[in-house]
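Dear colleague,

Please find below the sequence and structure that I am handing over to you. My findings follow directly after it.

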Amino acid sequence: MEQTGQVAGIVPFTGVINSLLKGTGSYLRCGSGIDFFTIMPDGRISACPVSIDFDFSVIGSIHEDIPSSLINKAKVGQPCVSCEILQICGEDVFL
């Protein structure tokens with residue numbers, strides 16, 4: 001990566017390595033709850049496809065919410081917001 005300036009597409013490392021190489025921050029790396037959502041068979045909408053079994057991940061319902069009301073609804077909390085490397089793993093846009 002150092003020689004070519006290209007980052008291999010290995011998630012979740014792609015965004016972190018890009019920030020380290022370019023010296024820039026980013027929004028939540030995976031895009032969950034920003035650009036991507038998971039709709040479960042019962043109509044619940046989760047910010048993250050990996051954490052669908054956890055209540056914190058459920059941010060709405062296809063029966064009660066409009067899509068535009070769900071963008072950035074998921075918030076990053078502690079201990080993340082106090083971490084000195086928050087801008088590397090996911091920037092403070094969620095505070």
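Arg-44 and Asp-42 are joined through their side chains by a salt bridge, with 2.8 Å from N to O. The term stands for a side-chain nitrogen of Lys or Arg within 4 Å of a carboxyl oxygen of Asp or Glu, and by this rule the count comes to one salt bridge. Arg-44 is partly exposed at a relative accessible area of 33%, and Asp-42 is likewise partly exposed, at 45%. Here buried means under 20% relative accessible area, exposed means over 50%, and partly exposed lies in between, with a 1.4 Å probe and protein chains only.

Please note that this is a predicted model, in which local features need pLDDT of at least 70 and side-chain atom pairs count only at pLDDT 80 or more, while totals for chains, interfaces and linings use all residues. Residues are numbered from 1 along each chain as its sequence is written, and side-chain values use heavy atoms, with hydrogens and water left out.

As to the overall architecture, the chain contains two helices and three strands, and its elements follow the order α-β-β-β-α from the N terminus. Helices (H or I, at least four residues) and strands (E, at least two) are DSSP runs, numbered from the N terminus. Of the 95 residues in the chain, 23% are buried. Among the contacts with a separation of 6 or more, 32% are between residues 24 or more positions apart, where contact means heavy atoms within 4.5 Å.

The three strands form an open sheet in the order β1-β2-β3, with antiparallel pairing. β1 (38–39) and β3 (58–61) are at the edges and have a single partner strand each, so one side of each is left without a neighbour in the sheet. Two strands are taken to pair if DSSP finds at least two bridges between them; β2 (residues 44–46) and β3 are linked in the antiparallel sense over three bridges. In this pairing, Ile-45 stands opposite Gly-60 in β3.

Two residues of the sheet deserve a description. Ser-46 belongs to strand β2 and is buried, with a relative accessible area of 0%. Its side chain makes a polar contact with that of Ser-57 at 2.3 Å. Such a contact is a pair of N or O atoms within 3.5 Å; within protein, one must be able to donate a hydrogen and the other to accept it, and residues adjacent in sequence count only if both atoms are side-chain atoms. Beyond four places in sequence, the contacts of Ser-46 include Phe-37, Met-40, Val-58 and Ile-59. Thr-38 lies in strand β1 and is buried at 18% relative accessible area. Leaving out residues up to four places away, Thr-38 touches Arg-44, Ile-45, Ser-46, Cys-48, Pro-49 and Ile-52.

Which residues does Gly-33 touch, not counting those up to four places away in sequence? They are Ala-47, Leu-70, Ile-71, Asn-72 and Lys-73. Gly-33 is located in the loop between α1 (13–22) and β1 and is buried, with a relative accessible area of 1%. Gly-33 and Ala-47 are separated by 14 residues in sequence, yet their C-alpha atoms are 4.2 Å apart in space.

With kind regards
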